[in-house]
Each structure stands twice: as structure tokens, then as C-alpha cells.
Amino acid sequence: MLSSRLSGTWSDPAREGEGAVTDFFVIGGQRVAFISWYTYEGGQQRYLLGNGSYSVGDRTVRVGLVETGGAQFGAAFRAEQVTRRAWGEATLSFADCGRLRVAWRRADGLAGELDLRRIGTA
């Protein structure tokens, strides 16, 4: 079942440089799952962020994903420069506390799955 014990860092050793961080928490009485997925597309780094609500007893959660960009690093960072573009969605499911499957679908219909292993806890 989904809970805060599934918060952590996830990766696939065969896909070094790609992975995800998940967090499960309650805000305003609502259970929320968050994912930050770091990956590549077209030879460029991509950072996809998403969150979705879930209920007690759920084993999967669907999250809408956005891609962020536009801002600069360090002292040059300006929040108003951050851009957000709808990317698609993902369904997170956990076979157990050490395995995460991310079934994703991009806005253009391209879809796939990632099988990740826990490499750390939050």
C-alpha cells in the first residue's frame, strides 16, 4: 500500500544517470504522492515533476507530469523565468518496498515503463 515508507531515491543500474525521487505525505488532510524523474530526451537532460492524490489502501497512483526549464543556476536564478510545460502522466506502482514501476505516457501518445530499485530512503 502507498505510504510515506515508499519515499526515497530510485534507479536502474542498467540506466545510469536516470532515476527518480518519490515522496508521500499528507497536506491539508489529503494524501499526496510526488515524483521528480530525472531522465534524458533528444540528448538533453529532462526533469519531470508530478504529483497526485491517493487514498488509504491504494497500491498505485497516477500523477500528471510537467517539464520545467527556463531559469538560470545560482545567483542568476529568477523564479519568474521558470517555465512549466505539460509533458504527460505516469502511474506509480510498487511491487514491494524496494521496487517501483513507472508506467508513463507522453502527451503525444508515446508510452513505456521503467522498473526501478530503491537506492536510498528519504
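Select residues 99-106, strand β7, together with strand β8, and you will see the two run antiparallel with seven bridges between them; strands here are DSSP runs of E of at least two residues, numbered from the N terminus, and two strands pair if DSSP finds at least two bridges between them. This is a predicted model, in which local features need pLDDT of at least 70 and side-chain atom pairs count only at pLDDT 80 or more, while totals for chains, interfaces and linings use all residues. Residues are numbered from 1 along each chain as its sequence is written, and side-chain values use heavy atoms, with hydrogens and water left out.

Then move to Gly-109, which takes a positive phi near 100 degrees in the hairpin of β7 and β8, where four residues lie between the strands.

Next, select residues 8-11, strand β1, which is joined to β8 (residues 111-121) by four bridges, again in an antiparallel arrangement. Here Gly-8 has Thr-121 of β8 as its bridge partner.

Now show the whole protein chain, which has zero helices and eight strands. Its radius of gyration (taken over C-alpha atoms) is 15 Å, close to the 14 Å that the globule rule gives for 122 residues, so the chain is as compact as a globular protein of that length; the rule is 2.2 Å times the number of residues to the power 0.38.

Finally, colour by burial: 29% of the 122 residues are buried, meaning under 20% relative accessible area with a 1.4 Å probe, protein chains only.

Note on methods. Buried means under 20% relative accessible area, exposed over 50%, partly exposed in between (1.4 Å probe, protein chains only).
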